[in-house]
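Trainee: I would like to learn how to read the features of a model step by step, with the general idea stated before each case. Could we go through one together?

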Amino acid sequence: MYTFQEAARQNALEVGQEGLRLAQHHLKLARGFILSPRYEETFYASNNLPEQLRKFFAGINPKRLDEDVLEVACEKAQKLLLESYLLDDPIQRIYLALKNAGLSGRPVHVRRPDDLHFESTTTTYPGREVLVILKKLWARDWDFEAVLDRLDSKGSIAMEARPAFIFEGLTPELDPELSGQWGGKVYTTFGEVVGFLQG
């Protein structure tokens, strides 16, 4: 896990291109932190998810795709992720990061770098609700459109773990003034920056 100040010393694989952009403005950001891809990798490995997912999609042929079969596999995959558990050590690290960031008992949202889709909740101490929305975010990688996109672009269902942002606030809103100043789409909650997308 990284603060956005620490993110400036990382690479894009660890914190995302957007994480690097936000790190340049860390004094103007809302409370939050970045989850390393290793956090997601640990979740997959500890639940033996790669093997179970392979079985769900074993009959999928990208060259002769049966979309009905793919849709059923995607539904099973998402259900599997939502019903899987984080180990106690990663859970405690999330709780500690929430406490250190001043987010315990606060409204928060999670999302991927350079992706506007987010999941949000209001937390109560120690922050169990964040674990739920984090799994919802990860499960989104297995919805029909996401898997279809990987089949089209990569020829397989394979995906790599990616960073995730956890920020204060329920609903990021576009800030036209800051967007003009920063040269990209800047999003805020409570008047503080939670997103900086290019274009």
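Trainee: Does Lys135 count as buried or exposed, and at what relative accessibility?

Mentor: Burial is read from relative accessible area, where buried means under 20%, exposed over 50% and partly exposed in between, with a 1.4 Å probe and protein chains only as cover. At 13% relative accessibility, Lys135 counts as buried. Lys135 belongs to helix 7, where helices (H or I, at least four residues) and strands (E, at least two) are DSSP runs, numbered from the N terminus. Before we go on, note that this is a predicted model, in which local features need pLDDT of at least 70 and side-chain atom pairs count only at pLDDT 80 or more, while totals for chains, interfaces and linings use all residues. Residues are numbered from 1 along each chain as its sequence is written, and side-chain values use heavy atoms, with hydrogens and water left out.

Trainee: Which residues does Lys135 touch, not counting those up to four places away in sequence?

Mentor: A contact means heavy atoms within 4.5 Å. By that criterion Lys135 touches Phe43, Leu81, Leu82 and Ser84, once residues up to four places away in sequence are set aside.

Trainee: What does the protein look like as a whole, in terms of helices, strands and radius of gyration?

Mentor: The protein has 9 helices and 7 strands. Its radius of gyration, taken over C-alpha atoms, is compared with a globule rule of 2.2 Å times the number of residues to the power 0.38. The value is 17 Å, close to the 16 Å that the rule gives for 199 residues, so the protein is as compact as a globular protein of that length. Along its principal axes the C-alpha trace spans about 50 × 40 × 30 Å. Of the 199 residues, 48% count as buried, and among contacts with a separation of 6 or more, 65% come from residues 24 or more positions apart.

Trainee: Which residues of helix 3 are buried, and why are they on the same side?

Mentor: An α-helix has 3.6 residues a turn, so residues three or four places apart point the same way. In helix 3 (residues 37-46), the buried residues are Pro37, Tyr39, Glu40, Phe43 and Tyr44. They cover an arc of only 160° around the axis, taken from the directions from the helix axis to the C-beta atoms, which puts them on the same side of helix 3. Their cover includes helix 2 (12-23), strand 1 (32-35), helix 5 (67-83) and helix 6 (88-100).

Trainee: Where does Ile91 lie, and which residues does it touch beyond four places in sequence?

Mentor: Ile91 lies in helix 6 and is buried, with a relative accessible area of 17%. Leaving out residues up to four places away in sequence, Ile91 touches Tyr39, Leu86 and Leu131; Tyr39 is one of the buried residues of helix 3.

Trainee: How should I read the two strand residues, Val110 and Thr121?

Mentor: Val110, in strand 2, counts as buried at 0% relative accessibility, and its contacts beyond four places in sequence include His117, Phe118, Ile133 and Phe165. Thr121, in strand 3 (residues 118-122), is buried with a relative accessible area of 16%. Its contacts, counted with the same exclusion, include Arg106, Val130, Ile133 and Leu170.

Trainee: Which residues have a positive phi although they are not glycines, and where is the cis peptide bond?

Mentor: Most residues other than glycine have a negative phi, and most peptide bonds are trans. In this model Asn48 has a positive phi of about 55°; Asn48 sits in the loop between helix 3 and helix 4 and, at 44% relative accessibility, counts as partly exposed. Asp114 likewise has a positive phi, of about 60°, in the loop between strand 2 and strand 3, and is partly exposed with a relative accessible area of 37%. The cis peptide bond joins Tyr125 and Pro126, with omega about 10°, and Pro126 has its place in the loop between strand 3 and helix 7.
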